Amino acid sequence: MFEHEGLLKEFQWVTKESEKKHIGESIAKTSLAMQEISFALIQGDNESVDKLTKENLENGISANEILDNGLLNGMSIVGVKFRDNIIFVPEVLISARAMKAGMVHLEPILSASGIEPLGTVLMGTVKGDLHDIGKNLCIMMLRGAGFTVHDLGVDTSPEAFEDAFGEHGPDIIGMSALLTTTMPNMGRTIQHFEDVGLREEVRLMVGGAPVTQEFADEMGADAYGESAVDAVDKAKEQVALLKDLKS
Amino acid sequence: MNVSEVSKKFGKCLELVSMDPNFHNISVGLFLKNDILTIWSYSKKEGVNKRLNIIRDKMVEFGGLNRLNEEFKLSIPKGSLIPRPLKFLFVKSVEMDPSLKPETGDVSSKDNKSKLLFHISGSLENDKYIYRVSATGEHDKPNLRIRAVVGGFVKYGDCIKNDIDSFYFPDEKPHDEYVRVLLPYARNVSAVENMLNASEQAGQMTTQSLGFSQS
Amino acid sequence: MNKMTKKQRVLAALNRQPVDRPPVANPTSVATVEMMDLVDAPFPEACRSAELNARLAGTEITEFDFDAIAPYFSIIQESSAIGCEMQWEQKDNWPTVRMSNPIWKNASDVKIPSNFLDHPDVKVITDSIRILRNEFGNDVPIIGKTMGPWTLAYHVFGVEAFLLGTIDNPEETMDSLNKLLEITYLFGEAQIDAGADVLTVPDHATGDLVSAQYYQNFLQDIHTEMAEKFSVPIILHICGRTVDRMPFIADTGLNAFHFDSKNSPQEAMDAVNNKIALVGNINNPETLYSKDVDDVKKEVFDCLNAGVQIIAPECAIPLKTKSENLIAITEGITDWLAENEKKN
């Protein structure tokens, strides 16, 4: 449940039913401590995010939990407000500054390696979308989990995904979008892989603030990652599935 | 000639190269009117006419097109206008080293993403001239690269995919010269996309290019 | 109605008065690589030499028969003069300010050099205006340009730092804007003295970055004052999505607003409610740059049908725009007039 009053007020800006469900459920299962971090991030209060992140780490809360339940839940509401023109770039910049204030403490922990390579992933934000915050977080998490990840950057066309596929032969292609207007390009990329006969060769995953499971199913994606942590879990499942399909 | 006269005389501008690296960075346009192509520049620099004729001759040599007696002009066989490869041919004719000669023999090219060597051969199949892509050399999954090359011809040559490893031009006729011109682009779509996007962005004044937009 | 001179036509349109025919004039720039070759005045030299600048600017009249000349092509001349790090680029690209290396941090850093008007990159514009006035006489309007304080702030502080400052310290932001405004007035007055009939003021509080409330809070009063202080008509230019702030802009008393293709002509006309003239808004990157003559004419028709007072590309045209698409703008107006005469 929403324990933090300020965060509940911010959540009122999320009006699309599917987003209300997905973001709402994600926040509702978090602790007050995490909701405090989410709220401070939305307000752009970088000093509080910094302080609260340090305190929670000292109290034994994992870096993964602070990232997903604190920072990213806050950023998902920022993303919705920005997309709906409730806030503009200055407000996003102060939230991004607050995010960085938290990440300074989390990144060293999350990036620690020493795990067996699990597979190869290509990550890109789809054509027309120049936002990379979500993508970069997923990349960091996937690398931390032991995947080899090639970053195709932003504004990636279906042909560029195909071309990179030919170069790296990945198990998974992860597509990210922050704008509802660019989400259809996920479908176009999936269709393109069908058209060129590569659909069976790779697992296609989608994610990003406006993306939902329903959308992913409609587009024909193999999996949907609703958070950076979920993306890692789903990626592990998909690698195993691809191995089975090919054997 | 002023701009109205150029437009009336030479027709539609199909493509404009903004800086000819081989002649004082002049801009050069490719114009089309009634199957007649004209190479033209507004520059009045000394020697410009000679340069325009050289570009015209390069298009004839590398594109298998028909040289006309008039200055700066060439023609395409009726019904054989395929815009995209023609534009690539024009740009290549302007930008290439003037001493370059067309390759002969097999159409082949090294892959710049692997150790493969691509080969393209054409033949008539059921009244359609089909080009097939094959590859030799080391690669775990050469068919993936071959598919990508076919995709590149579809994208840059206005070609139609026949099969996972073959394509044909929209008029279903042989165009070996276009295949040679397009292969370096077709084998590296993502790099070409980046190059074309960069070229399109240059000279634009938008909120993005000014840095006044979130990115 | 008797045939008007180009100046009469443009000034009448800017004052929302009847015209003999709709004018076409770009308040920002009509420089192209083809015209650079025609008159042998390539970038970046045409941005730094008055003679080359005037030669290139004149093609707007001599080749395309537009109704005005706009010699200040880019948006960086004054920023160069106050010491910003510049990237002058080559013939087919715009000179830009390296905003990643801003020269100032706070309002207290803002200092206008005492010889600002003598700096070569400022003098090129005032001298070019004098040359053009001499060459074209009094019947062709010259549209000068002076950057507004918001755009100057992006250049001198960097976009991100400046925008963060608007939240961290709004009073300091206003202080910075008022100091930078002195440059806007200094350069604008100098161009009027040189012969400019109209001034364009680009001030990029665009919807791509900031809210309409930002425009209202930070810039509306500044622009209202400009409308009173400058002795020539002012065209405000803001790129990007701006229909939400057009009602505030319309209340400033400025003569005209030059608007982007992200706003349709009809919604723009509805938003300004006949309180300000509109200039625009043919799409640059897609229509003028990549599409055909017929596509250009269609956009001209859309603008005229909505009642846009001055037909123009939405912003400085892409340098690689083909000449036939620029001719199509003037032809589009002629076609529209012919079609409307038939209807009447």
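This report describes selected features of chains A, B and C in a predicted model.

## Basis of the model

The model is predicted, and local features require pLDDT of at least 70, side-chain atom pairs count only at pLDDT 80 or more, and totals for chains, interfaces and linings use all residues. Residues are numbered from 1 along each chain as its sequence is written, while chains are lettered from A and ligands numbered from 1 in the order in which they are written.

## Chain A

Chain A contains eleven helices and five strands; helices (H or I, at least four residues) and strands (E, at least two) are DSSP runs numbered from the N terminus. Of its 247 residues, 53% count as buried. A residue is buried if 20 or more other C-beta atoms lie within 10 Å of its own, exposed if 12 or fewer, and partly exposed in between, with C-beta atoms placed from the backbone.

Two residues are in contact if their C-beta atoms, placed from the backbone, lie within 7 Å. Among the contacts in chain A with a separation of 6 or more, 77% are accounted for by residues 24 or more positions apart.

## The two domains of chain B

Chain B is divided into domain 1 (7-95) and domain 2 (107-200), with bounds that come from an automatic or database domain assignment. The centres of domain 1 of chain B and domain 2 of chain B, taken over C-alpha atoms, are separated by 25 Å. Their contact takes twelve residues from domain 1 of chain B and twelve residues from domain 2 of chain B.

On the side of domain 1 of chain B that touches domain 2 of chain B, α2 (48-63) and α3 (83-95) of chain B each supply at least two residues. The largest share of this side, six residues, comes from α3(B). By class, this side has six nonpolar, four polar and two charged residues. Here Ala, Val, Leu, Ile, Met, Phe, Trp, Tyr, Cys and Pro count as nonpolar, Asp, Glu, Lys and Arg as charged, and the others, Gly among them, as polar.

## Contact between chains A and B

The contact takes 15 residues from chain B and 15 residues from chain A. On the side of chain B that touches chain A, the elements giving two or more residues are α4 (142-157) and α6 (189-201) of chain B. The largest share of that side, six residues, comes from α4(B). The residues of that side divide into four nonpolar, four polar and seven charged.

## Helix α8 of chain C

Helix α8 (residues 170-194) of chain C has 25 residues and reaches 36 Å from its first C-alpha to its last, close to the 36 Å expected at 1.5 Å a residue. The expected span is 1.5 Å times one less than the number of residues. The buried residues of α8(C) include C:Leu177, C:Leu180, C:Ile183 and C:Phe187. After α8(C) comes C:Gly195, whose phi is positive, near 130 degrees.

## Backbone geometry in chain C

Most residues other than glycine have a negative phi, and most peptide bonds are trans. A cis peptide bond joins C:Phe43 and C:Pro44, with omega about -5 degrees; C:Pro44 lies in the loop between α2 (33-38) and α3 (50-62) of chain C. A cis peptide bond also joins C:Gly280 and C:Asn281, with omega about -15 degrees, and C:Asn281 is found in strand β7 (residues 277-282) of chain C.

Positive phi values occur at C:Asn273, near 50 degrees, and at C:Asn274, near 65 degrees. C:Asn273 lies in the loop between α11 (265-272) and β7 of chain C, and C:Asn274 lies in the loop between α11 and β7 of chain C. C:Asn273 is exposed, with 11 other C-beta atoms within 10 Å. C:Asn274 counts as exposed, with 11 C-beta neighbours inside 10 Å.
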